[in-house]
Amino acid sequence: MEEEMHTDAKIRAESGTGSSPRGSGCSLRHFACEQNLLSRPDGSASFLQGVAEKSRERLIRNTCEAVVLGTLHPRTSITVVLQVVSDAGSLLACCLNAACMALVDAGVPMRALFCGITCALDSDGTLVLDPTSKQEKEARAVLTFALDSVERKLLMSSTKGLYSDTELQQCLAAAQAASQHVFRFYRESLQRRYSKS
C-alpha cells in the first residue's frame, strides 16, 4: 500500500475545527484529504494539514501496529509509504493522519482509527495546538500524541524540550479534545468518498 502527499492532486481545503478561530492558539489548521489517488496500490491517501527520519518511522510503525488487526491476516505484509512534500509544522501528526487514512482506504482491518495531534508550549507556558514550523522553532517544548478513536487512549507520544508533569497533562487533555475534530473530519471525508461511488 502506498500513501503519497502532494499538492497537485485535487485537494479540497476542509475545516477541521468548525468555527474555532485560529488566533486563539487552541485550534487546528484546515485539513484536506483525498483517497484512491494511485492506481496500483490497494489504498492511497493524500492528507494535507496546514500549508529525525528513522525515529519518526519507528513511531509511525508502532502506532499502526497498535491498531491493525494483524492476526486476521497472518503472513501478510503491509507497507505504508509516506512522502513528505512540504513541512508547514506538526509534521509527525500529519504523517500519522495520512497513514491512518491510507490504511482505511486500503480496507485494512483496525480495532480503531487513530490520529496525531501536536502541541507546543511557548516560553511563558501558553499552549498552541497544531503549531506551524515557526511556532515549533520558537517553542520551549513540542509534544505529539497519537490517540485512538474509541476511548481517546494514548497510543504514542513524542516530546522535545522542557515541560512539567502538569503541562504534559494539560497538553494531553487538549490533544484529546482536539482529536474529536480530526475524527469528525475523517468521517466526513469518507462519506464524501463513498457517496460518489
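These are legends for a set of close-up views of one predicted model.

Numbering starts at 1 along each chain as its sequence is written. Because the model is predicted, local features need pLDDT of at least 70 and side-chain atom pairs count only at pLDDT 80 or more, while totals for chains, interfaces and linings use all residues; side-chain values use heavy atoms, with hydrogens and water left out.

**View 1**
Reading from the N terminus, the order of elements is β-β-α-α-β-β-α-β-β-α. Helices (H or I, at least four residues) and strands (E, at least two) are DSSP runs, numbered from the N terminus. Of the 197 residues, 46% count as buried; buried means under 20% relative accessible area, exposed over 50%, and partly exposed in between, with a 1.4 Å probe and protein chains only. The protein exposes about 10300 Å², and carbon and sulfur atoms supply 50% of that. Accessible areas come from the Shrake-Rupley method with a 1.4 Å probe, and for residues only the protein chains shown count as cover.

**View 2. The largest nonpolar core, 47 residues in all.**
A nonpolar core here is a set of buried Ala, Val, Leu, Ile, Met, Phe, Trp, Tyr and Cys residues joined through side-chain atoms within 4.5 Å. The members that touch the most others are F47, F114, I117, L129, F145 and Y186. At least two residues each come from β1 (31–35), β2 (45–49), α1 (53–67), α2 (91–106), β3 (114–121), β4 (127–129), β5 (141–148) and α4 (165–196). Helix α2 gives the largest share, with twelve residues. As background, nonpolar side chains tend to be buried together in soluble globular proteins. Zoom in on Y186 and you'll find F47, N97, C100, M101, L113, F114 and C115 in touch with it, leaving out residues up to four places away in sequence. Contact means heavy atoms within 4.5 Å.

**View 3. Helix α1 and its buried face.**
With 15 residues, α1 reaches 22 Å from its first C-alpha to its last, close to the 21 Å expected at 1.5 Å a residue. That expected span is 1.5 Å times one less than the number of residues. The buried residues of α1 are R56, L59, I60, T63, C64 and V67. Down the helix axis they fall within an arc of 130°, so they line one face of α1; the arc is that of the directions from the helix axis to the C-beta atoms. The general rule is handy here: an α-helix has 3.6 residues a turn, so residues three or four places apart point the same way. K54 and R61, on the other side of α1, are exposed. As for partners, the buried residues of α1 pack against α2, β3, β5 and β6 (154–161).

**View 4. T63, a buried residue of α1.**
T63 sits in helix α1 and has 0% relative accessibility. Past its neighbours up to four places away in sequence, T63 touches L96, F114, A146, L155 and M156.

**View 5. Helix α2, mostly covered.**
Of the 16 residues in α2, 15 are buried. The helix reaches 22 Å from first C-alpha to last, close to the 22 Å expected at 1.5 Å a residue. One of its residues is A98, which is buried at 0% relative accessibility. After α2 comes G107, whose phi is positive, near 75°.

**View 6. G116 in strand β3.**
G116 is buried, at 1% relative accessible area. Leaving out residues up to four places away in sequence, G116 touches A93, L96, N97, F145 and A146. G116 and A175 are 59 residues apart in sequence, yet 8.5 Å apart in space, C-alpha to C-alpha.

**View 7. S179 in helix α4.**
S179 is buried, with a relative accessible area of 0%. Its contacts beyond four places in sequence are C115, I117, L147 and R152.

**View 8. Cysteines, but zero disulfides.**
A disulfide is a covalent bond between the sulfur atoms of two cysteines; the cut-off used here is a pair of cysteine sulfur atoms within 2.5 Å. For C115, the closest cysteine sulfur is in C100 at 8.0 Å, too far for a bond. For C171, the closest is in C119 at 4.6 Å, again too far. C115 is buried at 0% relative accessible area, and C171 is also buried, at 0%.
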